[in-house]
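User: Please go through this model with me and say what each label rests on. I would like the cut-offs beside the values.

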Amino acid sequence: MRGAGGGLSPEHTRWISSPSNFFVPVKVLSRVFRGKFVAGLRRAFHSHQLRFYGEGVALAEEKNFIAFLGSLVQQDWVVYAKPPFGGPEHVLHYLARYTHRVAISNHRLLTVTDNQVAFRWKDYAHGSKQRTMTLSPEEFLRRFLQHVLPRGFPRIRYFGWLANRSRGSLLPLCRCLLHQPPPATDAPSSTQPATWPCPRCQGPMYLIERLTAAQIFFAETRPVGAYDTS
């Protein structure tokens, strides 16, 4: 559905469109951000991860710190949000780099040995120049695993009428209320065969994996061990 700005009514009988100038619920975001931030401070205090210096030494006492958190909750926090300069397509391309890609792609890897891993990276602080970094395998894995989400944290979480448990019934209802046709299904193509004949035995060939140019290059340049058969 294009431009489905809005949501279903509580009784699921009509579609409520959002205002044309609506972007995100800024007031709701400010309260949620305030609650998450204060809860994080409380957990850090009880786990002894906070250090207080100078004028903030008095906050090391629990009663003073609790009173300080109470003063934060009583104030309205400001969350600055505005439409993106590049439009919605720019936002989708930006988010896709985090939701549909791994921490580092294979074509950026230069050399991988038992002692080191070398890869290319882009230096945004100096005109986006391509540079090379070499790390030990342990340090490379440590940095790579920082991009792996903890158990129970999906990259994309849908809610409302897009939630997994209700999307099957609510999404067609939304299309009906918006007078939108159902999505077109791709017709199976029968002109192009799914297999290719082998040039040697003329038997069927099946596609198993597509290799990038970098993978083929590394496979061809990888040293082959010599075996003494004497």
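Analyst: A salt bridge here is a side-chain nitrogen of Lys or Arg within 4 Å of a carboxyl oxygen of Asp or Glu. The model is a predicted one, in which local features need pLDDT of at least 70 and side-chain atom pairs count only at pLDDT 80 or more, while totals for chains, interfaces and linings use all residues. Residues are numbered from 1 along each chain as its sequence is written, and side-chain values use heavy atoms, with hydrogens and water left out.

User: What makes Arg143 and Glu139 a salt bridge?

Analyst: The closest N and O atoms of Arg143 and Glu139 are 2.8 Å apart. The limit is 4 Å, so the pair qualifies.

User: Which salt bridge does Arg142 form?

Analyst: Arg142 is paired with Glu139, and their closest N and O atoms are 2.7 Å apart. Glu139, Arg142 and Arg143 are thus linked in a network of salt bridges.

User: Where do Arg142 and Glu139 lie, and how many residues apart are they?

Analyst: Both lie in helix α4 (residues 137-145), three residues apart, about one turn of the helix. Arg143 and Glu139 are four residues apart in helix α4, which again is about one helical turn. Helices (H or I, at least four residues) and strands (E, at least two) are DSSP runs, numbered from the N terminus.

User: Why is Glu139 called partly exposed?

Analyst: Buried means under 20% relative accessible area and exposed means over 50%, with partly exposed in between (1.4 Å probe, protein chains only). Glu139 has 22% relative accessibility, so the label is partly exposed. Arg142, with a relative accessible area of 44%, is partly exposed, and so is Arg143 at 35%.

User: How do you know that Glu11 and Arg14 form a salt bridge?

Analyst: Their closest N and O atoms are 3.9 Å apart, which is within the 4 Å limit, so the pair counts. Glu11 is partly exposed at 46% relative accessibility, and Arg14 is partly exposed at 48%. By this rule the count comes to four salt bridges.

User: How many disulfides does the structure hold?

Analyst: The structure holds zero disulfides. Cys198 is in no disulfide, and the nearest cysteine sulfur, that of Cys201, is 3.8 Å away. A disulfide requires a pair of cysteine sulfur atoms within 2.5 Å, and 3.8 Å is therefore too far for a bond.

User: Are Cys198 and Cys201 buried or exposed?

Analyst: Cys198 has a relative accessible area of 18%, so Cys198 is buried. Cys201 is at 57% relative accessibility and therefore counts as exposed.

User: Why is the pair of Phe33 and Phe37 described by a distance and an angle?

Analyst: A pair of aromatic rings is described by the distance of the centres and the angle of the planes. Rings of Phe, Tyr and Trp (its six-membered ring) pair if their centres lie within 6.5 Å; planes under 30 degrees apart count as stacked, over 60 as edge-to-face and the rest as tilted. By this rule the count comes to ten aromatic pairs. The rings of Phe33 and Phe37 have centres 6.0 Å apart and planes at 40 degrees, so the pair is tilted. Both residues lie in helix α1 (residues 26-46), four residues apart, about one turn of the helix. Phe33 is partly exposed at 45%, and Phe37 is partly exposed at 41%.

User: What makes the pair of Phe119 and Phe140 tilted?

Analyst: Phe119 and Phe140 are 5.8 Å centre to centre, with 55 degrees between the planes, and form a tilted pair. This pair links distant parts of the chain, with Phe119 in strand β4 (residues 117-123) and Phe140 in helix α4, 21 residues apart. Phe119 is buried at 8% relative accessibility, and Phe140 is buried at 15%.

User: Which residues form one aromatic cluster?

Analyst: Phe45, Phe52, Phe65 and Phe68 form one aromatic cluster.

User: How do you know that the charged end of Arg167 sits over the ring of Tyr158?

Analyst: The charged end of Arg167 is 5.5 Å from the centre of the Tyr158 ring and sits over that ring. The rule asks for NZ of Lys or CZ of Arg within 6 Å of the ring centre and within 35 degrees of the ring normal.

User: How many helices and strands are there in the protein?

Analyst: The protein has six helices and seven strands. Of its 230 residues, 14% count as buried.
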